[in-house]
Amino acid sequence: MSKVLYSSISQKFIMALAGLFLITFLPVHLGINLLLLNSDPEPFNRAAKFMSDFPVIKIMEIVLFAAIMIHIIYGILLQIQNWIARPVRYKKSNRSETAPFSRFMIWTGGIIFIFLIIHFFNFYFIKLGLVEGDPYNFYDVAWQLFTNPLINIIYWVSFILLGFHLYHAFHSAFQTIGLNHRIWTPLIKGVAFIYAVIIPAGFSLIPLYIWIVSS
Ligand code: HEM
């Protein structure tokens with residue numbers, strides 16, 4: 001069992017599965033957050049309350065946090081193994097199409113992690129009672145938060161980097177789980193590109209809209 005968990009191919013496989021799970025979380029999270037664009041706070045607050053109270057979703061939240069931890073820990077382990085196995089950087093750059101994104105995955109991932117910590121302070125920790133705020137009115141919390149230009153810049157920069165991270169992660173995860181095919185691979189790359197543009201653009205719209213409307 002421990003051999004399976006520690007071989008680098010299994011690590012990559014487990015990391016890819018956790019990553020694919022996280023990829024399914026983002027459209028759901030975005031869909032609910034787009035309700036923030038509604039001038040009526042009720043639909044968003046009701047959806048947020050449902051997400052907090054519904055037992056199945058509470059279990060999904062535990063799975064979500066487990067997936068985040070697995071993805072981060074295995075990502076760091078694999079990167080360290082890569083650095084140890086290849087201490088001298090190749091002079092000639094790798095010219096594969098995804099190489100620029102792949103080389104920066106550890107850094108874009110690190111920035112997304114920092115973003116998540118800031119993001120939890122902004123919202124999630126209110127629910128846990130660690131930060132002051134009304135957990136039943138995340139609508140007002142968001143509208144208050146995104147009047148701050150610095151917060152908006154932090155969120156936008158994070159979303160752009162999230163897009164780069166998602167583009168490589170999406171199709172590389174399919175490759176890792178063995179879906180590498182003459183026809184499917186270009187198709188998956190196309191879907192990865194659309195996903196990596198639409199998801200961050202959708203998230204960016206929320207602070208942008210709130211900032212414009214409230215200034
Ligand atoms: C403008 C964009 C975003 C807004 C307004 C937003 C809003 C929120 C809110 C209100 C919560 C607390 C929900 C609750 O616990 O009931 C939350 C939690 C969370 N957010 Fe975001 N979010 C945004 C973008 C993101 C992005 C891009 C990610 C991932 C990279 C993310 C990851 C999470 C996670 C992991 C949680 C904790 C789990 C959960 O409660 O569902 N969020 N967010």
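Modeller: Start with the contacts: of those in the protein chain with a separation of 6 or more, 80% are accounted for by residues 24 or more positions apart. Keep in mind that this is a predicted model.

Biologist: Okay, and how many helices and strands are there in the protein chain?

Modeller: The protein chain has 9 helices and 0 strands. Going along the sequence, the pattern reads α-α-α-α-α-α-α-α-α.

Biologist: What does the C-alpha trace span along its principal axes?

Modeller: About 55 × 40 × 35 Å for the protein chain.

Biologist: And what percentage of the 215 residues is buried?

Modeller: Buried residues come to 17% of the 215 in the protein chain.

Biologist: Let's switch to the ligand. How many residues surround it, and which are the closest?

Modeller: There are 20 residues around the ligand, and the closest are N33, F123, F138, F203 and I206.

Biologist: Which helix gives the largest share of that shell?

Modeller: That's α6, with 5 residues. At least two shell residues each come from α2 (8-33), α3 (41-53), α4 (55-85), α6 (105-127), α7 (138-145), α8 (149-176) and α9 (184-214).

Biologist: How do the shell residues divide into nonpolar, polar and charged?

Modeller: The shell around the ligand has 14 nonpolar, 4 polar and 2 charged residues.

Biologist: Now the packing. At what angle do α2 and α9 pack?

Modeller: At about 25°, with the axes of α2 and α9 10 Å apart. So the two helices, α2 and α9, are roughly parallel to each other.

Biologist: Is that crossing left-handed or right-handed, and which residues make the contact?

Modeller: α2 and α9 cross in a left-handed way. On the α2 side the contact uses L26, P27, L30 and N33, and on the α9 side I199, G202, F203 and I206. By class, that contact of α2 with α9 splits into 6 nonpolar, 2 polar and no charged residues.

Biologist: Nice link. What about α2 and α4, how far apart are their axes?

Modeller: The axes of α2 and α4 are 8 Å apart, and the packing angle is about 140°.

Biologist: Why do α2 and α4 count as oblique to each other?

Modeller: Because roughly antiparallel needs an angle over 145 degrees, and α2 and α4 pack at about 140°, they are therefore oblique. Their crossing is left-handed. Residues in the contact include Q11, M15 and F25 of α2, along with L64, H71 and Q81 of α4. By class, the contact of α2 with α4 has 13 nonpolar, 6 polar and 1 charged residues.

Biologist: One more pair: how do α8 and α9 cross?

Modeller: The axes of α8 and α9 cross at roughly 165° and come within 8 Å. That makes α8 roughly antiparallel to α9. The crossing of α8 past α9 is right-handed, and their contact has 20 nonpolar, 4 polar and 1 charged residues.

Biologist: Last topic, W107. Where is its place?

Modeller: W107 sits in helix α6.

Biologist: And why does W107 count as partly exposed?

Modeller: Because W107 has 13 C-beta neighbours inside 10 Å, and a residue is exposed at 12 or fewer and buried at 20 or more.

Biologist: What separates the C-alpha atoms of W107 and F13?

Modeller: They are separated by 20 Å, with W107 and F13 lying 94 residues apart along the chain.

Methods
Residues are numbered from 1 along each chain as its sequence is written. This is a predicted model: local features need pLDDT of at least 70, side-chain atom pairs count only at pLDDT 80 or more; totals for chains, interfaces and linings use all residues. A residue is near a molecule or strand if its C-beta atom, placed from the backbone, lies within 6 Å of it. Helices (H or I, at least four residues) and strands (E, at least two) are DSSP runs, numbered from the N terminus. Ala, Val, Leu, Ile, Met, Phe, Trp, Tyr, Cys and Pro count as nonpolar, Asp, Glu, Lys and Arg as charged, and the others, Gly among them, as polar. Two residues are in contact if their C-beta atoms, placed from the backbone, lie within 7 Å. Axes are lines fitted to C-alpha atoms, for helices over the stretch in contact, and angles run from 0 to 180 degrees between N-to-C directions. Angles under 35 degrees count as roughly parallel, over 145 as roughly antiparallel, 65 to 115 as roughly perpendicular and the rest as oblique. A crossing is left-handed if the near helix is turned anticlockwise from the far one by less than a right angle, and right-handed if clockwise.
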